[in-house]
Amino acid sequence: MRFWNEEMALEAMVQRLGAVSRHTDEIMHQDLVPLCAADIQEQLRKRFAYLSGGRGQDGSPVITFPDYPAFSEVPDKEFQNVMTYLTSIPSLQDAGIGFILVIDRRQDKWTSVKASVLRIAASFPANLQLVLVLRPTGFFQRTLSDIAFRFHRDDFKMKVPVIMLSSVPELHGYIDKSQLTEDLGGTLDYCHSRWLCHRTAIESFALMVKQTAQMLQSFGTELAETELPNDVPSTSLVLSAHTEKKDKAKEDLRLALQEGQGILQSLQDPPAEGSAQGVNQDQLDSQTTVQRLLAQLHETEAAFDEFWAKHQQKLQQCLRLRHFEQGFREVKAALDTVSQKIATFTDVGNSLAHVEHLLKDLASFEEKSSVAVERARILALEGEGLIDNKHYAVDSIRPKCEELRHLCDQFSSEVSRRRGLLSKALELHSLLETSMKWCDEGIYLLASQPVDKCQSQDGAEAALQEIERFLETGAEHKIQELNKIYKEYESILNPDLMEHVQKVFQKQESMQEMFHRRQASLKKLAAKQTRPVQPVAPRPEALTKSPCPSPGTWRGPENSGSDSSALRRGPYRRAKSEASESRQGRGSSTGDEEESLAILRRHVMNELLDTERAYVEELLCVLEGYAAEMDNPLMAHLISTGLHSKKGVLFGNMEEIYHFHHRIFLRELESCIDCPELVGRCFLERMEDFQIYEKYCQNKPRSESLWRQCSDCPFFQECQRKLDHKLSLDSYLLKPVQRITKYQLLLKEMLKYSRNCEGAEDLQEALSSILGILKAVNDSMHLIAITGYDGNLGDLGKLLMQGSFSVWTDHKKGHTKVKELARFKPMQRHLFLHEKAVLFCKKREESGEGYEKAPSYSYKQSLNMTAVGITENVKGDAKKFEIWYNSREEVYIIQAPTPEIKAAWVSEIRKVLTSQLQACREASQHRALEHSHSLPLPSPASTSPSRGNTRNIKKLEERKTDPLNLEGYVSASLSKPPEKGKGWSKTSQSLEAPEDDGGWSSAEEPINSSDAEEDGGGGPKKLVPGKYTVMMDEEKGEPNTLHVRSGDVVEVVEEGAEGLWYVRDLTSSKEGWVPASSLCVLLGKSNSAQCLSSSESSPGSAVLSNSSSCSEGCPAPFDLQA
């Protein structure tokens, strides 16, 4: 982009610099003779002719041809160049007079003289005035020259006279000695090499002046033709680059001036110290030439400086314009944002506290927005300054300034309008709150008037006066005319607020009606005359139980006031009011009691809302005043290195908590302001959202540790100063933890005054859920302190319980002494009960401060719940119970701190085992039913199943068609008495065995006790369907049969023909037929796991052995670690 003022400056500079180039050529006569000393330097060095600077009597320049023996050998081209160059040096005025040639041939021959004169006469390029020839000095040559000159005079006919001189003194008669060099008897100081050096320097300087002018001319054109960028960084780069180029050009100018000054100084210096010889004309001409060149160089610099001033002004104006445009875009976006936000301030509040909160929000928003508004006004003033300074883009700047002013004025007017509406809303809500408070005080007054004192005339009159005094205060506290309210506050009345006004007015009317009825009753009592017989008032015993007795028994039909009050509180209140009216002697007192409870509930609700709003405000204050400021570039220098990228650690998920309470929970609480007893539903519906507090509390130790490291950081001190907080940030970071514990206290208070209300059950459930969340948060705080566990704790399922216990261990596989010592030396372990495993950890010593005091737990071992059994009671200690693993291969005796803690743990473990058992039982039954139709035949020769197999399959089908008979198949198979001669018998417990107090104790299960294992008789044992553990490896298996190994868990499914049993290997997931004889040997004394397996079990048993079918659908047991 180019502008007219810069174009004019460029044109002027081009013209002036072009003139400098022409003048330079004129000064150096380059326009006439384009020869330089540097071009013929070698020819000039031969010195066969030179311009000494001498002048004739009329000022004619003298060119001297010294005695040069090889003159005839100088090429014509060189001779012509030297003559041309020497004649171009004097000024045009001196050269116009004509040159005097002095030809010194005193040591030469006549023939040479003749040749030299003829050559000079033929090739001299300028005007000649006189030719003086010093002829040879030898007698013969002199005589010869006289004779020859007379006879050959015609050969020397020239336009100027040629004078033959015999001696130097004759020469002095034509040219003064001061104008002749020393070799011609003169006194003129001339050094040919110095002259040649000066000429070369002058011509080089002249060339520099000309090139500088041309360079600046092209450079100025380049600068003027540069397109200006549209953004601030690029414009700044262009300005910087052009300034750098200008500085380089100025440096070249400075060097050229320095060089010219040096040449002039060398020309002005005397040739030798003590020399009395003055400066000759040629030297004066050289000085004049250099001075003229310096003048042209100054002209060049002045022309460029003038242009650069215009160009720099343009660049700076462009940069200011780009800054203005960038600021305009940013301010415009900020103003658009605040305009959008102010448009969302449409709420007029639903209570006095809410409106005050909205006014505070509006004031805070206005204060924060004032930065953008003030910046917009400052930017508009900057734009006006650009216009006043005659900026080239006035047409672009002026509309933007006007738009900025319009947006600022629009924002200010909108804020004022919103403040006016909220002020009206504050006034209305203040009136409604005053009316509500007046109504509550009136109800309390009615409820607090003692019934017995009102029976007398004096008491009635005193109560009547008390009521009248209270009603007199209603003039300034109650709503006078509803239509007047509608008209006065029409601008803010929305449907919800109008409904609220109607409710308040209705309550006011109902309360006044109650007062009128009470007045009528009291007036009747006060008007009664004293009778001779003292009346006996009835004794309503029920009234003594009421905390606020009232003379309801004297009202009679006036109990309708309770109906109107109940109508305002909903159908369930109305039902309770109707029920209370039917009670003799308690009708009106019950209504008063309900009103008192309603007031108390309202107080609790107000406290809940007020504290919730304050909590939300504090969270917002922390997020905006601290968290957001950590991303503010203006505050970056105050943040220590330890805080970089640690905002998530310091504040956790506080922003998520704020959004939940601000956008959802607070609004739902405000919707319950008229029915506080229903607030429990708000908690129940949002109970899953409260899980976010668990994440915050888990992060709290890290946040606390980071705060202790960086608490003295200037950043926090500056933020605290700006917020005007008396407490430091750590106090506000504790607010979410305090808030989640505060809810259960408020719910307890609300439940205390809502026992007979509709929402009492919801309040009780909400209280239990909040307490559960607190327990889960507490448990999670312990869970994150576990160290050394290799797996993922999340894979273990939900954490059910955790606590510290004394633990004794007893392992079957171990050294006897170790086994015995272990029984008497307890270990202190912290147990974590999950859905899928129980973890044993060692509690470490607490250290540090604050949250760092929380203990840490070193993981020791874990037990898979699919292989765990329990014994509820241990003899000798009511606080002990047993957890055993893999059929009592590992036994852990657990001692709880109290019997209650033991009972809670045993109950929770029982629930886990029962749920796992039920799941495995259903899975096993489903698989058994699926395989009942698809059992393979024992051999190819068998074409039909045996009778027993057919009967068993039929039973399976019957069980499959009867979904209610869950254990029928197992019951049938276990209840069958053993037969002799068909294998070995098996001890089992009937499913119908009665359940006693120790039903979960392994000591009371004979099948799981050591005595039961050793007792079994010596007779052969019969195989029955069930699950077994293989006790030894099969030595040599028969072909086409299933091969099993020691330790495998197998399920004996069906007995087939030819003494074969269909067996399923649960370890390798293989199936097949096994001979009964081999199967008995392989199983040995292994007991079938029927005590608490997935397929059959007594509900009273609590044993999960290693052959339990839970292993079919559950993960393998955990490895024990020391």
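Helix α20 meets helix α22 through M654, E656, I657, F660 and H661 on the α20 side. On the α22 side, the residues are I692, Y693, K695 and Y696. This is a predicted model.

**Helix α20 against helix α22**
- Helix α20 spans residues 654–670, and helix α22 spans residues 692–710.
- The two helices pack at an angle of about 150 degrees, and their axes lie 10 Å apart.
- That angle makes α20 roughly antiparallel to α22, because angles over 145 degrees count as roughly antiparallel.
- The crossing of α20 past α22 is left-handed.

**Helix α22 against helix α25**
- Helix α22 also packs against helix α25, which covers residues 735–752.
- Here the angle is about 135 degrees, with the axes 10 Å apart.
- α22 and α25 are therefore oblique to each other.
- This crossing is left-handed.
- From α22, the contact uses Y693, Y696 and C697.
- From α25, P736, V737, R739 and I740 take part.

**The five-stranded sheet**
- Five strands form an open sheet in the order β1-β2-β3-β4-β5, with mixed pairing.
- β1 (50–55) and β5 (162–165) are the edge strands.
- Each edge strand has a single partner, so one side of each is left without a neighbour in the sheet.
- On average, neighbouring strands of this sheet are turned by 25 degrees against each other, direction ignored.
- Strand β2 (residues 61–65) and strand β3 (residues 99–104) run parallel and are joined by four bridges.
- F65 has I103 in β3 as its bridge partner.
- Helix α3 (residues 76–88) packs on this sheet and touches β1, β2 and β3.
- The direction of α3 makes about 155 degrees with that of β2.

**The eight-stranded sheet**
- Strands of a sheet pair through backbone hydrogen bonds, either parallel or antiparallel.
- Eight strands form another open sheet, in the order β6-β10-β9-β8-β7-β13-β12-β11.
- Its pairing is mixed.
- The edge strands are β6 (786–787) and β11 (868–871), and each pairs on one side only.
- β6 pairs with strand β10 (residues 857–864) in the parallel sense, over two bridges.
- I786 has Y857 in β10 as its bridge partner.
- Helix α26 (residues 760–783) packs on the sheet.
- Helix α26 touches β6, β7 (799–811), β8 (827–834) and β10.
- The direction of α26 makes about 50 degrees with that of β7.

**Residue E890**
- E890 lies in strand β13, which covers residues 890–895.
- Is E890 buried or exposed? E890 is buried, because its relative accessible area is 16% and the cut-off for buried is under 20%.
- The side chains of E890 and Y892 are joined by a polar contact of 2.9 Å.

**Residue E433**
- E433 sits in helix α12, which covers residues 394–448.
- E433 is partly exposed, with a relative accessible area of 35%.
- Which residues does E433 touch, not counting residues up to four places away in sequence? E433 touches S351 and L352.
- E433 and L352 are 81 residues apart along the chain. Their C-alpha atoms are separated by 6.9 Å.

Definitions and conventions: Residues are numbered from 1 along each chain as its sequence is written. This is a predicted model: local features need pLDDT of at least 70, side-chain atom pairs count only at pLDDT 80 or more; totals for chains, interfaces and linings use all residues. Side-chain values use heavy atoms; hydrogens and water are left out. Buried means under 20% relative accessible area, exposed over 50%, partly exposed in between (1.4 Å probe, protein chains only). A polar contact is a pair of N or O atoms within 3.5 Å; within protein, one must be able to donate a hydrogen and the other to accept it, and residues adjacent in sequence count only if both atoms are side-chain atoms. Two strands pair if DSSP finds at least two bridges between them. Contact means heavy atoms within 4.5 Å. Axes are lines fitted to C-alpha atoms, for helices over the stretch in contact, and angles run from 0 to 180 degrees between N-to-C directions. Angles under 35 degrees count as roughly parallel, over 145 as roughly antiparallel, 65 to 115 as roughly perpendicular and the rest as oblique. A crossing is left-handed if the near helix is turned anticlockwise from the far one by less than a right angle, and right-handed if clockwise.
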